[in-house]
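Visitor: I have a sequence and a set of coordinates on screen. Please walk me through reading them, feature by feature.

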Amino acid sequence: MITGEQVKAARKQLGWSQMKLAWEANIDPSIIGKFEIGKKPPSVLSLQTIKRALEYAGVDFHEGEPPRLKAGGDQ
């Protein structure tokens, strides 16, 4: 699964705030904030939803690597 650091990096590449990601993933923004700083991991369902929202926006995730925007992804 993805890490809080990967989520933060992906968000930054997209130019999204935590609030924007929360809106896109339809979850509470505090879930993202806590996850990104390593305070509390989200539920498996929330994590899947976060990942799906970022991938839909054009982010590629590969285990152990920083996220990357796909060619033609949002910027």
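Predicted model: local features only at pLDDT ≥ 70, side-chain atom pairs only at ≥ 80, totals over all residues.

Visitor: Which residues have the most contacts inside the largest nonpolar core?

Guide: The general idea comes first. In soluble globular proteins, nonpolar side chains tend to be buried together. Here the largest nonpolar core has 18 residues, and Val7, Leu21, Ile50 and Leu54 have the most contacts inside it. At least two core residues come from each of α1 (4–14), α2 (18–25), α3 (29–36) and α4 (44–56). Helix α4 gives the largest share, four residues.

Visitor: What is isoleucine 50 in contact with, leaving aside its neighbours within four places in sequence?

Guide: Isoleucine 50 is in contact with Val7, Leu21, Ala25, Ile27 and Ile32.

Visitor: At what angle do α2 and α4 pack?

Guide: Look at the angle and the axis distance together. The angle between α2 and α4 is about 100 degrees, and their axes are 9 Å apart. Angles of 65 to 115 degrees count as roughly perpendicular, so α2 is roughly perpendicular to α4. On the α2 side, Leu21, Glu24 and Ala25 make the contact; on the α4 side, Thr49, Ile50, Ala53 and Leu54 do.

Visitor: Serine 46 next. Is serine 46 buried or exposed?

Guide: Serine 46 is buried, because its relative accessible area is 12% and the cut-off for buried is under 20%. Serine 46 sits in helix α4. Setting aside residues up to four places away in sequence, serine 46 touches Ile27 and Ile31.

Visitor: Now aromatics. How many aromatic pairs does the structure hold?

Guide: A pair of aromatic rings is described by the distance of the centres and the angle of the planes. In this case there is nothing to describe: the structure holds zero aromatic pairs. Look at tryptophan 16 anyway. Lysine 20 lies over the face of tryptophan 16, 5.3 Å from the ring centre.

Visitor: What about backbone torsions? Which residue has a positive phi although it is not a glycine?

Guide: Start with the background. Most residues other than glycine have a negative phi, and most peptide bonds are trans. Asparagine 26 has a positive phi of about 55 degrees, and it is not a glycine. Asparagine 26 is placed in the loop between α2 and α3. With 71% relative accessibility, asparagine 26 counts as exposed.

Visitor: And past the helices? Where is glycine 64?

Guide: Glycine 64 is in the loop between β1 (59–60) and β2. Its relative accessible area is 79%, so glycine 64 is exposed. Glycine 64 and methionine 1 are 63 residues apart along the chain, yet their C-alpha atoms are separated by 9.8 Å.

Visitor: One last residue. Is alanine 71 buried or exposed?

Guide: Alanine 71 is exposed, because its relative accessible area is 85% and exposed means over 50%. Alanine 71 is found in the segment after β2 (68–69). Its C-alpha atom is 9.9 Å from that of aspartate 60, eleven residues away along the chain.

Conventions:
Residues numbered from 1 in each chain as written. Heavy atoms only, no water. Core = buried A, V, L, I, M, F, W, Y, C linked by side-chain atoms within 4.5 Å. Buried < 20%, exposed > 50% of the residue type's maximum accessible area, 1.4 Å probe, protein only. Contact = heavy atoms within 4.5 Å. Phe/Tyr/Trp six-rings, centres within 6.5 Å; stacked < 30°, edge-to-face > 60°. Lys NZ or Arg CZ within 6 Å of the ring centre and 35° of its normal. Axes fitted to C-alpha atoms, helices over the stretch in contact; angles between N-to-C directions. Parallel < 35°, antiparallel > 145°, perpendicular 65-115°, else oblique.
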